[in-house]
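Please read the following note alongside the sequence and the coordinates. The points are numbered so that each can be checked separately.

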Amino acid sequence: MKTVPSDGPAAAPSRRRRGASGSAAIVVVAGAILALLVFLALFADLVSPYDPLRQNLIASLQWPSAAHWLGTDDLGRDVLSRLIHGCRIAVIAAGEATTIAILIGVPIGLFIGYRGGWWDWVVMRVVEAVVSIPGIMVAIVILALLGTGLHKAMIALGILFSTSFLRLARGVVLAEREEVYVRSARVVGASGGRILLGHILPNIAPPLIVQTTLTVGAVLLAEAGLSFIGLGVQPPDASWGTMLSTAAAFMDLHWFLAIPPGIAIILTVLSINLIGDVIRDGVGRGITVAARQDAPVASFAALADVAPSAAALPPPRPDEVLRVEGLRVTVSTADGGELPLISDLSLSISKGETLGLVGESGSGKTLTGLAILGLTSVALRTTHGSIVLNGRDLRTLPRRRIEEVRGNEVAMVFQDPTTSLNPAFTVGSQIAEVLRAKHGLSKSAAWARTVELIDRVGIPRPGERARAFPHELSGGMAQRIAIARALSCNPSLLIADEPTTALDVTVQQEILDLFRDLQAEFGMAILFVTHDLAVAADICDRISVMYAGEMVEMAEVDALFARPRHPYTRGLLSAMPHASDRKPPLPTIRGSVPRPGTWPAGCRFSNRCDFKVAACERRIPLTGTDRLVRCIRADELVLEAAQ
Amino acid sequence: MLRLIVQRLLALIPLLFIVSVMTFSFTSLLPSDPVDLILGETGTQEQHEMLRERMGLNEPIVVRYVQWLGRAVQGDLGTSFFNSVSVSTALMQRLPVTLSLTLVSALIAVVVGVAAGIAAALRPRSLIDRLATVGATFGQAIPNFWFGLLLVAIFAVNLRWFPATGFSPLSASPVDWLRSVTLPAIALGLSSSAAIARQVRSAMVGVLQQDYIRAARAQGLSSRRVILKHALTNAMVPVVAVLSFQITVLLGGALIVEQVFAINGLGTLAIGAVRQQDIPMIQGLVLVMVGLVVVVQLATDVIYGLLNPKARPS
Amino acid sequence: MSDDALLDIRDLRVTYWGKSLLGFRGKAFDAVKGANLSIRPGQTLGLVGESGSGKSSIANAVLGLVPANGGTIRFGDVDLAAMKTRYPPDVRGQIQAVFQDPYSSLNPSMTVEDIVTEPLRVHTTMSRAERRTRAVELLGLVSLSEEHLERHPHQFSGGQRQRIAIASALALAPKLIVLDEPVSALDVSTQNQIINLLYERRDELGIAYLLIAHDLALVHHISDRIAVMYLGHIVEEGPSDRVYRAPAHPYTRALLDAVPVLDPDAQRRRRASRKAAPARETPRLAAQGCPYRNRCPFAMPRCEAQLPPDYPVDGGGTAACFLFEAPAGQGSARLRLVQA
């Protein structure tokens, strides 16, 4: 489906709703126009007030009147009647050429896409050759062979447009062939034909429909163009193109002649293109969004707007760099509501300290990091809370001031180093750019410092590596570069979002050691986001465990691993692969991580918890002083550590 | 960069070969015998045979292809069947006309398309975005020649700001040239600017969601810098591919738009040649167009390589 | 041991070709450089390695998704490698697979019933009703139920999708299932559910698994034997407990040492024994010699010159390392000596 050009991002929920109602109206209007077109084409003889060919030289070039609603042309023929008969030619032309294009293009495309090898190579070179000649020239050449006339012109256009269907069909086959489910089908033993027809072909239908609408529009324009230059429909037959050809000769005398056929072409092409756009957007949404991301379900419990209670706030710590209180981030939903993704989150980090933010997918841990920087995507809103960095609340700062804070006081390292570095520039220039923009260094000073930094993060031959592009580096090297860039302005807080998850385990160890080493030297605080408790055990001083958008437990690292207090922490610990080396059955947490919007109303872990009691149906506050836990039975439960 | 150019040139060899074979075999596909076309019903049997011999039509097809290609490479594309004019001369006379029209319209399309696309992408669903989207949708539905007629009616016939027809060579008077080329170039560039605007918008929206944009923002680089440097460089990568295709489209569109403005370019030549089945002329036209497209593709490939380091040969 | 093996791989070589200028076959790259492996009926072999080690290429070669470029893959009494990816239906039906990404491995346009019964439609003449009965049975095996039959994959969570994939793999009662990173895309709290499920079904149905994963600890839970791959070579192979508790090859040791453990104190001790290492250059080594030699703390001159053959190791299995060249027993002693 990658062959369908997409005209925008996956729409944010609120936009999607408005877009949906808007597109419904568009489809109705455009559909009505096309229906009218087909109706006029079918019943042209009955509907049109005059014979389109009947001349009346006395009444030539008349303006619209009661007798001739759209006036008359140079030979006194009724423009409306000619326009209506033009519908017939438009429908025939579009149908004929598009059908020819599909019948030639799709089978060949499917065949060469699946067969590959020499067939593919030769056919694709021929297609490239045809495509490299302007379309109208190809049509002209074919018409030189066939002679002029409507049907010959449509054969020419059909052959011309078959190349786009061919490429589409081939593209879909090639893309789908690499899909894992096609691999699965091959493993099952499905034959080539079965895979092509049963698994791949159903996926070609949506882009094919889109391509068909695009082709119909293009054919109509091309037919008009060919008739306009006298190579398509031949006078005196009425087609929109020939009508415009006549109009062209009388632009100075009677410009109105150009208006009716022009509007007819525009309205028709516009209608078909708009329908194509709507189908394409629907297809894009249906397959890429709905299939990949589970749409928020309506059954979520309304969340009371609880103000953060004093008890939930972490006690003040010496040398605090960052203090977040009562953070709440929401996403707007399809029905106009606001769905919380993070609620009532408070935490603080001191100078030189590493705080781990641990949780599974959908816990809101990554989002917390982005919210601190004010970099959440447009659909999300930070609605409550304060984010105090070095004594200033970032939420109250104007955008310009926040841009100053970013990089200088807080920086971020992302999960995938190969996508978080800009592929278009050398890695060195990306570090030097920050130094120049933030510290105003000269070009040469910035470069010298860049090479120093690259050297500092343990990359051999730093001068040479600075000139490399991101894709030329291994994942571990690229992550070192990203770290060097983040530290270039000596920030007091570094947010590291799963910085080792995309790396091999031996490289992960090196990167963790590098973080610790750099922290000892630069003294920054680190907010370390990870799903891996073992990584957190290695790098963190304190750990916050997150589940379903809220913090469920926070403790010093040794205490947390020795004596977890929340049942979820305990469950997570024992579920880690390294927790035991025994044979199955391995300990599990039943059920699965709830998606935002499906969180239980009371304790959000209650539907998976083995210790649930009636009181867990209520919202549970975070309690404690130096260790925090969000469980009403925390005091009575004695949970064993994993080991 | 030299490696890239050499590599792309090598990759173009099969393309040029196939185009030349297709163009050449065009003669044999024609339903009527070229000798009959030239002599009509008139000439005698001997005259037919003589001409056949003179045109080398009795040689094996491979020999004829090699001979034809050899001459074509040296710039000899034969003579027109109808007025004994050298095809190369005719083409060279018309080429600057069509070329200036195409290039000016490409410039308009790029400037308008890129600006509108960026403006729309920066504020999705804003008024600007909606206007740009509606404009682009209409732009792609309006036939260029009709738009040309409209421009003539308004700006040439009514307001008399520009000449309605004709073309003044750049070498004669740059001002007249600009006046004569403005209306046709706008008419021609409209749909391409719409296509480019759509592509820029979608590429830009996609790029703005990438991690490296977030990372650049996290480093505290100014929005302006992030958008114009980090995002635009990457967003232009798919746009350049579209641009290369659009120039081909513009070249074809020029053939039609020339008719609206009575400009004596390649289009007029092509239409005449088709009507008269003037084979050498049509072959020449195809070769010239492919030659232009190849140059454009080469240029885009180089720009593509500059924008996208991954595309460079290592 | 290879006589009663279900799957026996000898000297397997898998090669990929880059594209040359004109789109023809270009530079060759050996992803697997002569691997030997063996799985007995009903047993699990865990194949462990980092990205680029070639472990997935072995899986693909066994499944016939890529052709072997040398060596044999004996399955029962047929040589899969000789068939060049065109397996006869009876062989196909006996080797099934579960892939890593439960989001792309299920065809989004098919219902769960279609997905689970697809192998039956291909390989059997069962009627629709019979297939449906079997589908319900299969869903039962993976703790899903009849009500899920009509749904589409996108209505399920990752763990549930992986269950559907497993049900489909079980449909033909295969003798071997290739599990390519079956849980690495899942949340930690659901991973073990799938591991337990795979383990139970194996013992019930007597299926053998070839389990591909990057995590030694995870593999150890359910494997009888473990093989460790590095840059296209199998560097160590042996009984699961021995490889996990007493790794022989220096690379296996490095791999185990690098995995953080759930004990902050233990991590502190491990950290104290190592120093911050600079980033390593991507190894671009001459063909001969040990693949690990430039990272190996025990590298000797001869490691440059010669690819170490498989030497037996105490406690079972083999290691491709000259440290174990001495008669059994002395190798490990020597390793301990060098380490101290």
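1. In chain A, strand S1 (residues 320–332) and strand S4 (residues 380–389) pair in the antiparallel sense over eight bridges, where strands are DSSP runs of E of at least two residues, numbered from the N terminus, and two strands pair if DSSP finds at least two bridges between them. Within this pairing, A:Arg328 stands opposite A:His384 in S4(A).

2. Residues are numbered from 1 along each chain as its sequence is written, with chains lettered from A and ligands numbered from 1 in the order in which they are written.

3. The open sheet of chain A has four strands in the order S2-S1-S4-S5, with antiparallel pairing. Strands S2 (338–350) and S5 (392–393) of chain A each have a single partner strand and stand at the edges, so one side of each is left without a neighbour in the sheet. Helix H11 (residues 365–373) of chain A packs on this sheet, touching S1, S2 and S4 of chain A, and its direction makes about 75 degrees with that of S2(A); here helices are DSSP runs of H or I of at least four residues, contact requires C-beta atoms, placed from the backbone, to lie within 7 Å, and angles run from 0 to 180 degrees between N-to-C directions of axes fitted to C-alpha atoms, for helices over the stretch in contact.

4. Chain C holds an open sheet of eight strands in the order S6-S7-S8-S3-S9-S10-S12-S11, with mixed pairing. At its edges are strand S6 (95–98) and strand S11 (311–312) of chain C, each of which pairs on one side only. Strands S9 (residues 225–230) and S10 (residues 233–239) of chain C run antiparallel and are joined by six bridges, with C:Tyr230 opposite C:His233 in S10(C). Helix H5 (residues 158–170) of chain C packs on the sheet, touching S6 and S7 of chain C, and its direction makes about 180 degrees with that of S6(C).

5. Chain B averages a pLDDT (the predictor's confidence in each residue, from 0 to 100) of 84, and 94% of the residues score at least 70. Confidence in chain B is lowest in helix H2 (residues 34–39), at a mean of 68, and highest in helix H5 (residues 87–122), at 91. Where pLDDT is low, the predicted coordinates should not be read in detail.

6. The contact between chains A and B takes 66 residues from chain A and 65 residues from chain B. Helix H5 (residues 135–146) of chain A gives the most to the chain A side, with eight residues.

How values were computed:
Predicted model: local features only at pLDDT ≥ 70, side-chain atom pairs only at ≥ 80, totals over all residues. Contact = placed C-beta atoms within 7 Å.
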